[in-house]
Amino acid sequence: MNQKLAAQRHELILRAVRTHGTVRLPDLVELLGVSAVTVRRDVTALADRGLVVRVHGGITMPRHAEPFPRGPQSVVGPAPTHPLVGMVAPSVEYYWPAVIQGAQTAVAAAGGRLVLRASSYDAIEDRRRVCELLDRGVQTLLVAPSTTGRAGVELLRWLGAQSVPVVLVERLPPPALPTIALDAAVTDHEIGAGLAVRHLATLGHSRIGLVTSRQSPHSDAIRAGWTTAVSSLELPFNGVPALDVPPYGSPQWTRAVDHVIDECLNASVHAVLVHADREAIGLLERTRERGVRVPEDLAVVSYDDEVAAASDPPLTAVRPQKHRLGALAAQLALARLADPLDRPVHRVVLWPTLTVRESCGNELNTSRGLG
């Protein structure tokens with residue numbers, strides 16, 4: 001095998017690790033047809049980016065310890081018989097169905113029942129729904145409340161004062177409440193954005209743009225993760241678009257997505273992270289109409305992975321583990337119900353995963369020096 005560009009070698013190394021789990025360094029030397037010194041240099045670069053883990057004589061995929069036992073049977077103390085668990089979700093569409101299903105699965109496995117109420121990202125409405133569930137006789141609560149502003153702080157204080165255990169889902173208390181004793185299960189969306197940036201960087205992109213959904217509560221965290229990853233990789237910010245867009249299909253959408261495409265073309269940006277799937281798919285539709293090729297002219301990573309695999313081309317996507325998150329939140333609630341006094345506060349943080357598909361291409365798309 002001839003000497004390969006670094007980006008090509010990195011992709012082959014990552015592909016081998018994804019396929020086999022663990023790969024020996026001598027096998028990589030044979031696979032790549034390069035010297036052991038070059039392989040060690042490549043492995044060091046990938047390990048520094050957090051894409052592989054070095055082990056004795058080889059490398060493996062990054063592995064992260066399970067942050068909480070897999071099932072309610074692992075909790076301390078006897079679980080209540082047939083627990084009634086209440087849940088207040090800000091929506092029953094898009095992001096939240098998988099979270100709700102995960103919670104329902106865990107509660108059912110414990111012999112209990114989940115009772116759901118939908119809210120609307122409003123603190124007053126959240127409180128009303130919680131009161132309905134308390135009147136219903138629930139023994140513990142899963143809540144994804146509004147946490148912003150004075151109303152959000154007061155709502156969290158009120159939740160912390162309830163006589164039944166409360167677990168926050170995809171929410172953490174704000175800095176104004178640093179010691180409020182509420183369990184929580186959340187997704188590290190900053191890490192998720194960083195995974196996307198680092199993947200694009202390994203493909204050779206140095207100018208990586210960002211598009212976030214204006215209405216999503218996760219946009220700030222995704223933007224922070226993009227900023228951190230771009231900075232830590234010493235990639236440029238100057239002139240690189242980082243834009244908020246209205247929801248896909250809204251009256252302002254076409255103008256907004258045209259602005260995104262124009263900004264990328266004008267700034268020689270050939271890679272972009274887009275939150276969420278519907279906005280990413282809308283971007284693909286508009287690039288096709290304008291003759292911009294994906295991934296040849298613009299590599300795209302979507303953040304959410306609800307329907308990313310069905311796009312054309314299929315979107316590489318960051319996937320928050322929503323079903324598992326719901327299950328873990330329910331397990332936290334059941335554990336707190338079984339041990340309400342001695343159990344310390346638990347804050348469970350899940351990392352998203354990255355699924356590589358066709359919308360980023362490979363190293364051949366970036367070897368021209370684009371980005």
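Where is P295 found? P295 sits in the loop between α10 and β12 (299–303), and one of the views below comes back to that spot.

This is a predicted model, where local features need pLDDT of at least 70, side-chain atom pairs count only at pLDDT 80 or more, and totals for chains, interfaces and linings use all residues. Residues are numbered from 1 along each chain as its sequence is written, and side-chain values use heavy atoms, with hydrogens and water left out.

**View 1. Helices α5 and α6, packed roughly parallel.** Helices (H or I, at least four residues) and strands (E, at least two) are DSSP runs numbered from the N terminus. The axes of α5 (residues 123–136) and α6 (residues 149–160) come within 9 Å of each other and cross at roughly 20°. Axes here are lines fitted to C-alpha atoms, for helices over the stretch in contact, and angles run from 0 to 180 degrees between N-to-C directions. That crossing is why the pair is called roughly parallel; the label goes to angles under 35 degrees, with over 145 as roughly antiparallel, 65 to 115 as roughly perpendicular and the rest as oblique. The crossing of α5 past α6 is left-handed, as the near helix is turned anticlockwise from the far one by less than a right angle (clockwise would be right-handed). On the α5 side you'll find A123, D126, R127, V130 and C131, meeting A151, G152, L155, W158 and L159 of α6; contact means heavy atoms within 4.5 Å. By class, that contact has seven nonpolar, one polar and two charged residues. Ala, Val, Leu, Ile, Met, Phe, Trp, Tyr, Cys and Pro count as nonpolar, Asp, Glu, Lys and Arg as charged, and the others, Gly among them, as polar.

**View 2. Helices α1 and α2, an oblique pair.** Here α1 (residues 6–20) and α2 (residues 25–32) have axes that come within 11 Å and cross at roughly 130°. The crossing is right-handed. From α1, R9, L12, I13 and A16 meet L28, L31 and L32 in α2. Six of these residues are nonpolar, none is polar and one is charged.

**View 3. Helix α4 against α11.** α4 (residues 96–109) packs on α11 at an angle of about 45°, and their axes are 6 Å apart. The two are therefore oblique to each other, and α4 passes α11 in a right-handed crossing. Among the α4 residues in the contact are A98, G102 and A106, and among those of α11 are G326, A330 and L334.

**View 4. A329, buried in α11.** A329 belongs to helix α11 (residues 322–338). Its relative accessibility is 1%, so A329 counts as buried; buried means under 20% relative accessible area, exposed over 50%, and partly exposed in between (1.4 Å probe, protein chains only). Leaving aside residues up to four places away in sequence, A329 touches L142, V167, V169 and A185. G249 and A329 are 80 residues apart in sequence, and their C-alpha atoms are 33 Å apart.

**View 5. Inside the largest nonpolar core.** A nonpolar core is a set of buried Ala, Val, Leu, Ile, Met, Phe, Trp, Tyr and Cys residues joined through side-chain atoms within 4.5 Å. The largest one has 46 residues, and V197, I208, L273, L283, L298 and V300 touch the most other members. Helix α9 (residues 253–266) supplies the largest share of this core, six residues. V197 touches I208, W226, A229, V230, L233 and L235, not counting residues up to four places away in sequence. A second, separate core of 26 residues includes A103, V107, A144 and V348.

View 6. Most residues other than glycine have a negative phi, and most peptide bonds are trans. The bond from V294 to P295 is cis, with omega near 10°. So is the one from H275 to A276, also with omega near 10°, and A276 lies in the loop between β11 (271–275) and α10 (277–290). E170, not a glycine, has a positive phi of about 55°; E170 is in the loop between β7 (166–169) and β8 (183–187), and counts as buried at 7% relative accessibility. D304, also no glycine, has a positive phi of about 150°. The place of D304 is the loop between β12 and β13 (316–319), and at 1% relative accessibility D304 counts as buried.
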